[in-house]
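Welcome, and thank you for taking a look at this structure.

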Amino acid sequence: MTTVSLCETFTSIQGESSWVGLSCFFIRLAGCNLRCRYCDTACAYADGRPVAVRELVAQAGASPAPLVEITGGEPLLQAGFRELSLGLRDLAGKRVLVETNGSMDISLAPERVIVIMDVKCPGSGQDRAMDLRNVERLRPCDEVKFVLTDERDYDWARRFVEEHRLTSRCNAVFFSPVFGVLDPKRLAEWIVRDGLSARLQAQFHKVLGVP
Ligand code: SF4
């Protein structure tokens, strides 16, 4: 019986990505190999509790939410990730997303499981942890997210998008301000000024005050 180390499950509104606003069943796996300065999920650093993959798949299948997201922590660290994602993918009527911090090989995600990959900016303190080979591994269905602390992060992210032609490699590129640190209006002004094809993304779940 395959297990994964679980932090928590919960149902909420999807606050990020192209599926923002949809009801989503979240599976937060335990453990993270990074320590971002702005991290708001330090609860996922702990070991978690072992839960059978088939039990999580059954819970997701019983949820009325059309979306299922595997998140963390860093979900790709777990040996049971692939079996979990395959089990969820085969549920009828569900779209499956996986959020990853960009430091692990994203090709672990099976076909039809959509990767939402962070590219860590200097303000995170973790920009050197990125596995740059992931840029080549992106599929047209995948999405990329930059979480920005300040204008230095914005300039760094803008150059990264241009150098790697990111908007032509994946479904969408999002620039997201650190909640309560960078004013989204300033980020909007920079994006408009520079005519970027990256999309501004506020963390909608935080605007609503839900998990
Ligand atoms: S990758 Fe995510 S969970 Fe890990 S430290 Fe950074 S923000 Fe926190």
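A residue counts as buried if 20 or more other C-beta atoms lie within 10 Å of its own. By that rule, six of the seven residues of S2 are buried, so strand S2 is largely enclosed by the rest of the structure. Please keep in mind that this is a predicted model. The points below start with the sheet and then move on to the helices, the ligand and some backbone details.

**The sheet as a whole**

- Nine strands form an open sheet with mixed pairing, and their order is S3-S1-S2-S4-S5-S6-S7-S8-S9.
- The edges are taken by strand S3 (49-52) and strand S9 (199-200); each has a single partner strand, so one side of each is left without a neighbour in the sheet.
- As a reminder, strands of a sheet pair through backbone hydrogen bonds, either parallel or antiparallel.

- Strand S1 (residues 3-13) runs antiparallel to S3, and four bridges join the two.
- Between S2 and S4 the pairing is parallel, with five bridges. Phe-26 has Glu-69 opposite it in S4.

**Strands S6 to S8**

- S6 and S7 run parallel and are joined by three bridges. The bridge partner of Asp-118 in S7 is Lys-145.
- S7 and S8 run parallel too, joined by six bridges. Here the bridge partner of Phe-146 in S8 is Phe-175.
- Is S7 enclosed or open? Six of the six residues of S7 are buried, so this strand is largely enclosed by the rest of the structure.
- Both faces of S7 are covered: on one side Glu-143, Lys-145 and Val-147 are buried, and on the other Val-144, Phe-146 and Leu-148 are buried.

**A closer look at Met-117**

- Met-117 lies in strand S6. With 24 other C-beta atoms within 10 Å, Met-117 is buried.
- Which residues is Met-117 in contact with, leaving aside its neighbours within four places in sequence? They are Thr-100, Gly-102, Ile-106, Asn-134, Asp-142 and Val-144.
- Val-98 is 19 residues apart from Met-117 along the chain, and the C-alpha atoms of the two are separated by 8.2 Å.

**Helix H1**

- The buried residues of helix H1 (residues 53-62) are Val-53, Leu-56, Val-57 and Ala-60.
- Seen down the axis of H1, these buried residues fall within an arc of 100°, so they line one face of the helix.
- What do the buried residues of H1 pack against? They pack against S1, strand S2 (23-29), S3, strand S4 (67-71) and helix H2 (81-89).

**The ligand and its surroundings**

- The residues around the ligand are Cys-32, Leu-34, Arg-35, Cys-36, Cys-39, Thr-41, Ala-44, Gly-72, Gly-73, Glu-74 and Asn-101.
- This shell divides into five nonpolar, four polar and two charged residues.

**Backbone details to look for**

- Most residues other than glycine have a negative phi, and most peptide bonds are trans.
- The peptide bond from Gly-72 to Gly-73 is cis, with omega near 10°. Gly-73 lies in the loop between S4 and H2, and both Gly-72 and Gly-73 are among the residues around the ligand.
- Arg-112 is not a glycine, and its phi has a positive value near 70°. You will find Arg-112 in the loop between strand S5 (95-100) and strand S6 (113-118). Arg-112 counts as exposed, with 12 C-beta neighbours inside 10 Å.
- Arg-165 has a positive phi of about 45°, although it is not a glycine. Arg-165 sits in the loop between H4 and S8. Arg-165 is exposed, with 9 other C-beta atoms within 10 Å.

Note on methods: Residues numbered from 1 in each chain as written. Predicted model: local features only at pLDDT ≥ 70, side-chain atom pairs only at ≥ 80, totals over all residues. Pairing = 2+ DSSP bridges. Near = placed C-beta within 6 Å. Nonpolar A, V, L, I, M, F, W, Y, C, P; charged D, E, K, R; others polar. Arc of directions from axis to C-beta. Contact = placed C-beta atoms within 7 Å.
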